[in-house]
Amino acid sequence: MRQVTGSMMGVVKGMDGAMKAMDLEKISAVMDKFETQFEDLDVATGYYENATSSATAVGTPQEDVDRLIGQVADEAGVELQAEMKAPESGLKNKAAANGEEEREEELGERLRALRN
């Protein structure tokens, strides 16, 4: 990054000299160099952004993500399991669904009691 900054400073100084002399060839050469430096900076920035986003996504354990989703759902009063069923799970019969709902409600009450 320091190398790019140094190169940009050189281009700006060259541009000042070319503008004072009003030499069109010099101005064109300086502008071409500036464009090349700008493209290099764009590539480097894209690389750093990609590396940072990849490291961030990989560095967070799935369990932590699931726990945070559950916490936010509890705070919002959302039934997370009902909304995040896997498509292949299919429909359950009503008796099993009622038993699961009661269990989820009981667990939710226990969690709220522990937080208080």
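Glutamate 35 lies in helix α2, which spans residues 24-59. Glutamate 35 counts as partly exposed because its relative accessibility is 45%. It belongs to a negative surface patch, together with Asp32, Glu39, Asp40, Asp42 and Glu49.

Helix α2 also carries phenylalanine 38. With a relative accessible area of 48%, phenylalanine 38 is partly exposed.

Now step back to the whole protein. Its secondary structure comes to five helices and zero strands. Along the sequence the pattern reads α-α-α-α-α. Of the 116 residues, 9% count as buried. The protein exposes about 10,000 Å². Carbon and sulfur atoms supply 56% of that area.

How confident is the prediction? The average pLDDT is 75, and 75% of the residues score at least 70. Among the elements, helix α3 (residues 62-76) has the highest mean pLDDT, at 82. Helix α4 (residues 80-83) has the lowest, at 56. Where pLDDT is low, the predicted coordinates should not be read in detail.

Next come the charge pairs. Side chains of opposite charge can pair when their charged atoms come close. The structure holds two salt bridges. In one of them, the side chains of arginine 67 and aspartate 64 meet at 2.4 Å, N to O. Arginine 67 and aspartate 64 are three residues apart in helix α3, so about one helical turn separates them. Are the two partners buried or exposed? Arginine 67 counts as exposed, at 55% relative accessibility. Aspartate 64 counts as partly exposed, at 34%.

Another salt bridge links glutamate 105 and arginine 112. Here the closest N and O atoms are 3.5 Å apart. Glutamate 105 is partly exposed, with a relative accessible area of 38%. Arginine 112 is also partly exposed, at 45% relative accessibility.

Arginine 112 leads back to helix α3, where glutamate 75 has its place. Glutamate 75 and arginine 112 are 37 residues apart in sequence. In space, their C-alpha atoms are 9.7 Å apart. Glutamate 75 has a relative accessible area of 59%, so it is exposed.

Methods:
Residues are numbered from 1 along each chain as its sequence is written. This is a predicted model: local features need pLDDT of at least 70, side-chain atom pairs count only at pLDDT 80 or more; totals for chains, interfaces and linings use all residues. Side-chain values use heavy atoms; hydrogens and water are left out. Patches are made of residues with over 30% relative accessible area and no salt bridge: like charges are joined within 9 Å, nonpolar side chains (Val, Leu, Ile, Met, Phe, Trp, Tyr) within 5 Å. Accessible areas come from the Shrake-Rupley method with a 1.4 Å probe; for residues, only the protein chains shown count as cover. A salt bridge is a side-chain nitrogen of Lys or Arg within 4 Å of a carboxyl oxygen of Asp or Glu. Lys and Arg count as positive and Asp and Glu as negative; His and the chain ends are not counted. The place of a charge is taken as NZ of Lys, CZ of Arg, CG of Asp or CD of Glu. Helices (H or I, at least four residues) and strands (E, at least two) are DSSP runs, numbered from the N terminus. Buried means under 20% relative accessible area, exposed over 50%, partly exposed in between (1.4 Å probe, protein chains only). pLDDT is the predictor's confidence in each residue, from 0 to 100.
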